[in-house]
Protein chains: 2
Amino acid sequence: MPIIITHIDKHMQMNENRANSQIITGVTPMNNDLKIANSTVAEPIAKIAEKLGIPEEALVPYGKDIAKIQLSYLTQLEKTKKPGRLILITAINPTPAGEGKTTVSIGLADALSRRGRKTCLALREPSLGPVFGIKGGATGGGYAQAIPMEDINLHFTGDIYAVTTANNLLCAMIDNHIYHGNELRIDVKNITFKRCMDMNDRALRNIVCGLGVRTDGIPREDGFDISAASEIMAVLCLASGQADLRRRLDRITIGYNLDGEPVLAKDLGAGGAMSVILKEAIKPNLVQTLEHTPVLMHGGPFANIAHGCNSIIATKMANHLADYTVTEAGFGADLGAEKFLDIKCRAADLWPDAVVLVATVRALKYHGGVPKDQLNTENVDAVKKGIVNLQRHLGTLKNIYGLPVVVALNHFATDTQAEMDEALKQTASMGAKAVLCDVWAKGGEGALELADAVTDSILNHSSPSHPYDYAEPIAQKINDIATRVYGAERVDFSKTAKQKIKMYEDQGYANLPVCIAKTQYSFSDDPKKLGAPENFTMDVRDVALSSGAGFIVVLCGTIMRMPGLPKKPAAESITLNENGETIGLF
Amino acid sequence: MPIIITHIDKHMQMNENRANSQIITGVTPMNNDLKIANSTVAEPIAKIAEKLGIPEEALVPYGKDIAKIQLSYLTQLEKTKKPGRLILITAINPTPAGEGKTTVSIGLADALSRRGRKTCLALREPSLGPVFGIKGGATGGGYAQAIPMEDINLHFTGDIYAVTTANNLLCAMIDNHIYHGNELRIDVKNITFKRCMDMNDRALRNIVCGLGVRTDGIPREDGFDISAASEIMAVLCLASGQADLRRRLDRITIGYNLDGEPVLAKDLGAGGAMSVILKEAIKPNLVQTLEHTPVLMHGGPFANIAHGCNSIIATKMANHLADYTVTEAGFGADLGAEKFLDIKCRAADLWPDAVVLVATVRALKYHGGVPKDQLNTENVDAVKKGIVNLQRHLGTLKNIYGLPVVVALNHFATDTQAEMDEALKQTASMGAKAVLCDVWAKGGEGALELADAVTDSILNHSSPSHPYDYAEPIAQKINDIATRVYGAERVDFSKTAKQKIKMYEDQGYANLPVCIAKTQYSFSDDPKKLGAPENFTMDVRDVALSSGAGFIVVLCGTIMRMPGLPKKPAAESITLNENGETIGLF
């Protein structure tokens, strides 16, 4: 079963959120996210920057409501300002509709602002492609949104285009090298770096290129991933600055030569041009929430084949600018928080001061055995039964990572009082603080209690702790995550996986962290094993090297890297009205 | 022989210009175009807008040196301000290095500004892809450049990305429709609309997509054009506004159904979403020259398979804002001016007040029989012999189009005094005004005499006149251009061309203008027939319908729609230095 990508997940979440919240808030179908977003007058972006003390000369305006921030300003900040508190938003294993992490992140940040705390969000930026597939954007929802939502969901500041272009320049240089004599002896049957496009286009998943006459290149099999799945995106998000970006680009493995030796982007002389293409994309984007809290929205890698968080540069900048930085990691805590803590935090020398674990009554019921189409019916027993999923995440975050955790129960209109009470009671019985929040309908007002709980939870000393060491053998690292974070009994490796792990270790990549790509619906690699499965084996089908990003991707199951469009794509109902306003987009 | 595209042509021209001008101006190789551009402090873009009276609320800033102009401002302008004078820059048939039309356009506009005339340029925006192939940009050269040249040559304001995305969304919707049951019965062997990418990538010219498992789509042959060759680019440039853009997008022919009937973008419901994707791209971009003359740089379609001029919106806006608008058409006058006058002017209800025909001693010698590698050696006889090329263009512009023409002899460092004297004498003997200009080395100062000659040449009354009527049969229109503009004896149509012309006429497209795609090096369809060939037959190999753009493309010879990279691509020497500055790009 293919794993649905982050973004589509968000789209579906937004629609479901909307449909539900309409019941309680009196929001009519006409009053959708875009209308709510557009009914708010944005503060001038320079004023938002001012809230964080960013000087005007560090801003590069993109339209009136968006600015990029000069990279040199981060260097300056790191020298002069101490970092503030960092709050990570993660979640239990989601339903296919998602649990609203972005919406809770935005609501929480707005609540912290309401409490007079100097707050900044650090979030991923959405891809454009999926917007035309399933209706909805990825900038929060209801009264907890980042704006200008339409621009953010369309071209924004061109970062994803820059990633696409750098990726495809490298590909063009690979094929060009082969065409002009193939001095590096690149094995056309073993090129691992693929082309990309920010579009849901299943027909590009597998192609043969280089057809035609002699001057049209050498035929070979290739394919396109969606741009968010490009290693360049992961590289951009893990780079500490311009020089580190260049190093990472240079060391990307594009494939192997006829002797089976790795060929790097550096060997093709592509790193410099790629860094030029990415020179604006590496600067974080500043926008705001509906309540005018500053948001650094920057980078958007997948949460399965990549690490699923916004750029290190944006998180660091936010952390030095604000007293409280709220950031999010993709999917459930098993995938998102694990990678945030074990990959991003170690690369960036960051560590959160508190974690918010988002849960919903719906997801708890789902883990308690209720089928997707019956989640709107009250079922207190299922809530009680499904709490085991939350319990395991809570345990991991507290015991393995040593972090203070607040559970945020994200309110949906279909939740009954009895269900909510049960969820809160169960969580309390684990000794955890649990708070109901209602950010879709109420914005920051709906997360004030959460904000207080989070600030109260912050300890004076919290030091990094991890389920595995980078120095362990690759298979051991995978085993540690599977047994300690997922609760697996054991890990089985395919013959291919074993061979490739050995090869990567021989090539000097033994010390890289591992980035596990598996379903987001379960702790296991089987989306049907809900709740807190035990005694299961995790099957590692294959591994892949992202030597630029600096991790080994561990493939458990089939991972979808290029989504398709549904039978009736959202694109068919998107248009401009006679006033030049976009309709049908969200 | 494939026809080299406009852009690469420009790149080569820039390099050659640079190499030559260094000899006379003392410009060292270190002092390249980028250095010259970066050594100039740009005026704030709001101040440039002010020169034209554009109010701040009509500006959308993109960084500090670039702004887009709101589309609604054009409507307002058309109601309140009369258009000024429009000056078209065209050229004789170029050498493979080009004759410097953009550089002359910029120099002339700067000279008009120096003479106190309220002047604005309307130019094409460059593609990014070719920048990584052959070194050099497409924003003029030397002291006649548009700035910020690096940004303009890289992502600029994302217009070309928007074109790419709209194009590829339509393609994804085609394949998605086929995959989900193919209700429209689209014939997979007869899809004419291709994917595109802004990259020189020969391996994508011909592909098979839709390979893999059942859920990966339906296999079919496809290919990528470079984005400048996309019909969406031509559509954007010919649209009079938002509503017209939508109409044109809807009527794009994507291919045929199994009964041979056309399938339009409208049938797939793609027009609305494409117009949303293009909603920022349709707004013209404001930049400036090194001498701070305003430039509207907007759209960049090919000059062979499309009409090769910047957007109608930009030209109209410039024309209403300034007293003198200088604009350019791609390639020589046989292709560029013909399409500007017969396609763009008729669509936009525009007509130039004067034409500048750019010539160089080098090109005259080339037409006089001197091989490319001997153009640096003095050869007055060849200048005299090659003047026939200039003469025919001059005759067409004066006699068929009824336009006042000034010949601008664009100075190269290798020109000898005797050669220049001969060129000027020969032109004068035809009764035409000819002026030497030296804009690369001197900027506007080098085109003052040209500016005076151009303003003097403007007549009080100049009314449109064309070599053919839209009402004529398609074959007759082609024949008229070939015999009246090119000097052909006759036109031969292939069997395919004849069949398709009949088909288009039957489908109701008989009244469309024709857009001829042929070599830019010769009046004929054979790049080796230099000078002013006579008694030649033009072979029409094929025709193609661009029903969105609104013309029939007439293919004479093989047209390259996707360039490749050279053995040592410019990308290999492009990088950021330790200060984060781009080097090796230009």
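**Buried, exposed and other labels**

Colleague: Why is A:Lys101 called buried?

Modeller: The model is a predicted one. The relative accessible area of A:Lys101 is 12%, and buried means under 20%, so A:Lys101 counts as buried.

Colleague: Where in chain A is A:Lys101, and which residues does A:Lys101 touch?

Modeller: A:Lys101 belongs to helix α5, residues 101-114 of chain A. Leaving out residues up to four places away in sequence, A:Lys101 touches A:Ile89, A:Thr90, A:Ala91, A:Glu328, A:Ala329, A:Gly330, A:Phe331 and A:Val358.

Colleague: What makes A:Lys101 part of a "binding site"?

Modeller: That label comes from the UniProt annotation, in an unreviewed entry. The annotation covers A:Thr95, A:Pro96, A:Ala97, A:Gly98, A:Glu99, A:Gly100, A:Lys101 and A:Thr102. Such annotations may be inferred rather than shown by experiment.

Colleague: Is A:Thr102 buried or exposed, and how do you know?

Modeller: A:Thr102 has 9% relative accessibility. The limit for buried is under 20%, so A:Thr102 counts as buried. A:Thr102 also lies in helix α5 of chain A.

Colleague: Why is A:Asn535 called exposed?

Modeller: Its relative accessible area is 62%, and exposed means over 50%, so the word applies to A:Asn535. A:Asn535 sits in the loop of chain A between β21 (514-517) and β22 (537-540).

Colleague: Is B:Phe331 buried or exposed?

Modeller: B:Phe331 is buried: the relative accessible area is 1%, against a cut-off of under 20%. In chain B, the loop between β16 (324-328) and α12 (336-348) holds B:Phe331.

Colleague: Why is A:Leu555 called buried?

Modeller: A:Leu555 has a relative accessible area of 6%, and buried means under 20%, so A:Leu555 is buried. A:Leu555 is in strand β24, residues 551-555 of chain A.

Colleague: What does A:Leu555 touch?

Modeller: Not counting residues up to four places away in sequence, the contacts of A:Leu555 include A:Ile305, A:Ala517, A:Asp539 and A:Arg561. A:Leu555 and A:Gly299 are 256 residues apart in sequence and 23 Å apart in space, C-alpha to C-alpha.

Colleague: How do you know that A:Ala423 is buried?

Modeller: A:Ala423 is at 2% relative accessibility, and the cut-off for buried is under 20%, so A:Ala423 qualifies. A:Ala423 lies in helix α15, residues 417-429 of chain A. Beyond residues up to four places away in sequence, A:Ala423 touches A:Leu364, A:Val383, A:Ile387 and A:Leu409.

Colleague: Which residues of helix α9 are buried, and what covers them?

Modeller: In helix α9 (residues 242-250) of chain A, the buried residues are A:Asp244, A:Leu245, A:Arg248, A:Leu249 and A:Asp250. The cover includes α8 (231-238), β13 (262-264) and α10 (271-277) of chain A.

**Chain A as a whole**

Colleague: How do you know that the radius of gyration of chain A agrees with that of a compact globule?

Modeller: For 586 residues, a compact globule would have a radius of gyration near 25 Å, and chain A has 23 Å, so the two agree. The C-alpha atoms of chain A fill a box of roughly 70 × 55 × 55 Å along the principal axes.

Colleague: How many helices and strands are there, and what share of residues is buried?

Modeller: Chain A has 19 helices and 26 strands. Of its 586 residues, 67% count as buried. Among contacts between residues at least 6 apart in sequence, 76% join residues at least 24 apart.

Technical notes
Residues numbered from 1 in each chain as written. Chains lettered and ligands numbered in written order. Predicted model: local features only at pLDDT ≥ 70, side-chain atom pairs only at ≥ 80, totals over all residues. Heavy atoms only, no water. Helix = DSSP H or I, 4+ residues; strand = E, 2+ residues; numbered from the N terminus. Rg over C-alpha atoms; globule rule 2.2 N^0.38 Å. Buried < 20%, exposed > 50% of the residue type's maximum accessible area, 1.4 Å probe, protein only. Contact = heavy atoms within 4.5 Å.
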